[in-house]
Each structure stands twice: as structure tokens, then as C-alpha cells.
Amino acid sequence: MKQTSHRVVEKEFGVPIPGEILDSSKWTQTALKKMPPEGKLDWQTLFGRVAPVVLDLGCGNGRYLLGSALSRPTHDHLGIDTLPVVIRYARRRGNQRGLANLKFAVGGATHLLEEFVVPGSVAEIHCYHPQPYYDPELVHKRLITPEFLAIVHRSLAAGGLFVFQTDNPGYWRYIKAVAPVFFEFSEQHGPWPDAPRGRTRREIIALRKGLPVYRGLGRARIGLGETEALALAGKLPPPVFDADRRFREADLLDHG
């Protein structure tokens, strides 16, 4: 952590974490501690206004959403991850930057979309470096399935944006094969312009290790209804690709 002329800037692997730590009088609360006991999330109630909503599924320590919330104050952001420890880091940093347009929750991505997101209510859904699971006995835990992509499509507004990133070649080949069924999908060549040194902790690690990073984005296909999307999903192959254990080293570094 570095302090210069009363500005406190955090770094991770030498790359600044977006924003700066403000005076405590300007801190906010970014914790979404529990989901509604019944019904869906009401974005207007949660954020106190009507604005485009951005979801980061498996948000880790929140690096991407911090940057997006800072650079796009006109958008509201929610990040979710199954690991409480990384959400604690994310919440602390969001609080210290005074970001009223940002919330973090502990939970599963699929459960969030299935149970708590109103269909067609989200502008963007981001998914960075989902766990590939190298053990063949664990491949059923992989997040990206045809059914999951159908639910992502359902959650997005017409033409809404889906963003995917991985450093695992097997996952990339799989997403390229199935995503175009639900999205107008294309590869992002080169780093994201807003974060050339990495949008996420995992991307920074992968780049430092010299691993290729695969980035793609797509717009939800207009005119594709939920029933049809689920029917199409049922005809697509499951994610049983070989994740290649040689890529596990970066996983072991991606903690904290």
C-alpha cells in the first residue's frame, strides 16, 4: 500500500487496485448480506435508483467491479462469489472507496440468476476465469454449461452484454462452441482497453506467468425466448473437456 500526498493507493502484484482509500467519513456499505426471503431482487430498492445493472459472477476480490463502478457511476454493480474470504476483501475496498453503486454478496452464480434475478433486468453479466476443475470427477461443478448460458440469456435485457474470460484453452474452445447459440459472440483480441495490465487478479497472474488469456463478449440474441433457449441448451454438449493439468500452477497462486 502506498500513500502519496494523502492519497492511499493499494497495489496487487505491482498493479494498482482501482480507486483510493478515502477518509473514513466518506466510506459506504457495500455488503449485501442476505437475499430476499421470497421473490426477486429489486434493483431500485437495493441501489436507491433506476440504472443499468452489471453482474460479476465469481467476482473474486472485486478488482473488476471496483474499476467499473468508479469509471461508470451511471451503472449499478453486484458481485458474487462462493468464497467469503474474497468477498470480505471486496467489501472492504468498496466501502473504503465510498462506492454507493456497488454491492457484494456471498453465494453461487447459478443460484443468484435462477432464484433472485428478474428476467431481462440486467444490462451486463461478466464471468472471469471460472474454475475449470482438472479432476474428471469434478467436471460436473463447472459453471459454464449450456443451461447456465440459457439462464444468463434470460437474465439479460434484449441485446444485453455477456463477457467471458479464461486462461484455460479447453474452457475457451468450449465457450466458443456453445456461446454463439445464445449470443452474438466474438473474441476480444488483446487486453481490455480499460485495464491493459489485467481486469482481475487472476488475469494479472496469468499474464505474469506468460499464459495466454482468452477474452470474448457477446450480445444476447434478440427474439430467443426462454423456452427455446432451454430447449437448445438440452441439445448441446456438456463441458467435459480436458482442462489440462499443466495450467494448475496459476490456480495455486490465485488466492488472497
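Is Phe183 buried or exposed? At 0% relative accessibility, Phe183 counts as buried. The views below come from a predicted model.

**View 1. Phe162 and Phe183 form a stacked aromatic pair.** The ring centres of Phe162 and Phe183 lie 4.9 Å apart. Their planes make an angle of 20°. Phe162 belongs to strand S9, residues 156–166, and Phe183 to strand S10, residues 183–187. The pair therefore ties together parts that are 21 residues apart in sequence.

**View 2. Trp172 and Tyr214 stack across distant parts of the chain.** Here the centres are 5.8 Å apart and the planes meet at 15°. Planes under 30 degrees apart count as stacked, so this pair qualifies. Trp172 sits in helix H6, residues 169–178. Tyr214 sits in strand S11, residues 214–220. Trp172 is buried, with a relative accessible area of 4%. Tyr214 has 19%. The cut-off for buried is under 20%, so Tyr214 counts as buried too.

**View 3. Ring pairs join four aromatic residues into a cluster.** The members are Phe164, Tyr171, Tyr174 and Phe241. In total, the model has eight aromatic pairs.

**View 4. Helices H4 and H5 pack at an angle of about 45°.** H4 covers residues 109–116 and H5 covers residues 146–155. Their axes are 10 Å apart. The angle makes H4 oblique to H5. The crossing is left-handed. From H4, the contact uses Ala109, Thr110, Leu113 and Glu114. From H5, it uses Phe148, Ile151, Val152, Arg154 and Ser155. Sorted by class, the contact has five nonpolar, two polar and two charged residues.

**View 5. Helix H5 is largely enclosed by the rest of the structure.** The buried residues are Pro146, Phe148, Leu149, Ala150, Ile151, Val152, His153 and Ser155. Phe148, Ile151, Val152 and Ser155 also take part in the contact with H4.

**View 6. His129 has a positive phi although it is not a glycine.** Its phi is about 55°. Most residues other than glycine have a negative phi. His129 lies in the loop between strand S8, residues 122–128, and H5. At 12% relative accessibility, His129 counts as buried.

**View 7. The loop between H8 and H9 holds Lys235 and Asp244.** Helix H8 covers residues 226–233 and helix H9 covers residues 248–253. Phi of Asp244 is near 65°, a positive value in a residue other than glycine. Lys235 counts as exposed, at 70% relative accessibility. In sequence, Lys235 is 89 residues from Pro146. In space, their C-alpha atoms are 8.6 Å apart. Pro146 is one of the buried residues of H5.

Terms used: Residues are numbered from 1 along each chain as its sequence is written. This is a predicted model: local features need pLDDT of at least 70, side-chain atom pairs count only at pLDDT 80 or more; totals for chains, interfaces and linings use all residues. Side-chain values use heavy atoms; hydrogens and water are left out. Axes are lines fitted to C-alpha atoms, for helices over the stretch in contact, and angles run from 0 to 180 degrees between N-to-C directions. Helices (H or I, at least four residues) and strands (E, at least two) are DSSP runs, numbered from the N terminus. Angles under 35 degrees count as roughly parallel, over 145 as roughly antiparallel, 65 to 115 as roughly perpendicular and the rest as oblique. A crossing is left-handed if the near helix is turned anticlockwise from the far one by less than a right angle, and right-handed if clockwise. Contact means heavy atoms within 4.5 Å. Ala, Val, Leu, Ile, Met, Phe, Trp, Tyr, Cys and Pro count as nonpolar, Asp, Glu, Lys and Arg as charged, and the others, Gly among them, as polar. Rings of Phe, Tyr and Trp (its six-membered ring) pair if their centres lie within 6.5 Å; planes under 30 degrees apart count as stacked, over 60 as edge-to-face and the rest as tilted. Buried means under 20% relative accessible area, exposed over 50%, partly exposed in between (1.4 Å probe, protein chains only).
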